[in-house]
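Please look at the charged side chains in the entry below and at how they pair. The text that follows goes through the pairs in turn.

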Amino acid sequence: MTEQRPILLLDDDYDLTTMIRRYLEHEGWKVAVVNDPMAAVESVLEVRPCLLLVDLMMPRIDGEEFVRALRRVLFEGTPPICLVSAAHTRAEVQKRLGLPASLGKPFAMTDLKDIAIRFAGEHRDASSERPAP
C-alpha cells in the first residue's frame with residue numbers, strides 16, 4: 001500500500017484554503033495548508049507532499065518565484081505542481097515553468113478533484129467514496 005502523503009495547498013486566502021481543504025479531506029486526501037509563501041519551501045520539505053496546489057498571486061513572493069525557489073532546493077525531486085489562480089497570466093506561467101496543470105479561479109470543485117485524482121490518486125483513502133458535502 002502506498003504511503004498516504006498530503007496534498008499541500010499554498011494560497012494566502014484563508015477562506016479559500018479552508019474550503020479546498022475541507023473538500024479534499026472529505027474526498028479522502030490528507031491536506032496541508034500554508035498561507036505564507038515565505039514558509040512554504042520549509043513546509044514542502046517537512047510534509048513531503050504528493051501534489052502542490054499553488055496560487056500565483058501572493059504577497060512577498062508570488063507562485064512563480066516560489067516554484068523556482070523550490071526547484072533550487074529539491075532539484076529533481078519536486079512533486080507535481082498545479083497553479084490555482086485568477087491571474088490572466090496563469091497559462092503563460094504554467095508553460096514557462098513546465099508545470100503539468102493549472103486551474104483558473106473560480107473553478108468547479110469537480111475540476112479540482114480531477115486534478116487531485118490525476119496527480120495524487122494513489123494517496124487517496126480508498127474508503128472515501130461518499131456523497132459530495
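**Salt bridges**

Arg60 and Asp36 form a salt bridge through their side chains, at 2.4 Å from N to O; the term stands for a side-chain nitrogen of Lys or Arg within 4 Å of a carboxyl oxygen of Asp or Glu. Arg60 sits in the loop between strand 3 (51–54) and helix 3 (63–74), and Asp36 in the loop between strand 2 and helix 2 (40–47), so the pair ties together parts that are 24 residues apart in sequence. Helices (H or I, at least four residues) and strands (E, at least two) are DSSP runs, numbered from the N terminus. Arg60 is exposed, with a relative accessible area of 61%, whereas Asp36 is partly exposed at 29%. Buried means under 20% relative accessible area, exposed over 50%, and partly exposed in between (1.4 Å probe, protein chains only).

The model is predicted: local features need pLDDT of at least 70, side-chain atom pairs count only at pLDDT 80 or more, and totals for chains, interfaces and linings use all residues. Residues are numbered from 1 along each chain as its sequence is written, and side-chain values use heavy atoms, with hydrogens and water left out.

By the salt-bridge rule the count is 9. One of them joins the side chains of Lys113 and Glu27, at 3.1 Å from N to O. Lys113 belongs to helix 5 (residues 109–120) and Glu27 to the loop between helix 1 (14–26) and strand 2 (31–34), so this pair ties together parts that are 86 residues apart in sequence. Glu27 is buried, its relative accessible area being 3%.

Within helix 4 (residues 90–97), Arg96 and Glu92 lie 4 residues apart, about one turn of the helix. Their side chains meet in a salt bridge of 3.0 Å, N to O. A network of salt bridges links Glu64, Arg68, Glu92 and Arg96.
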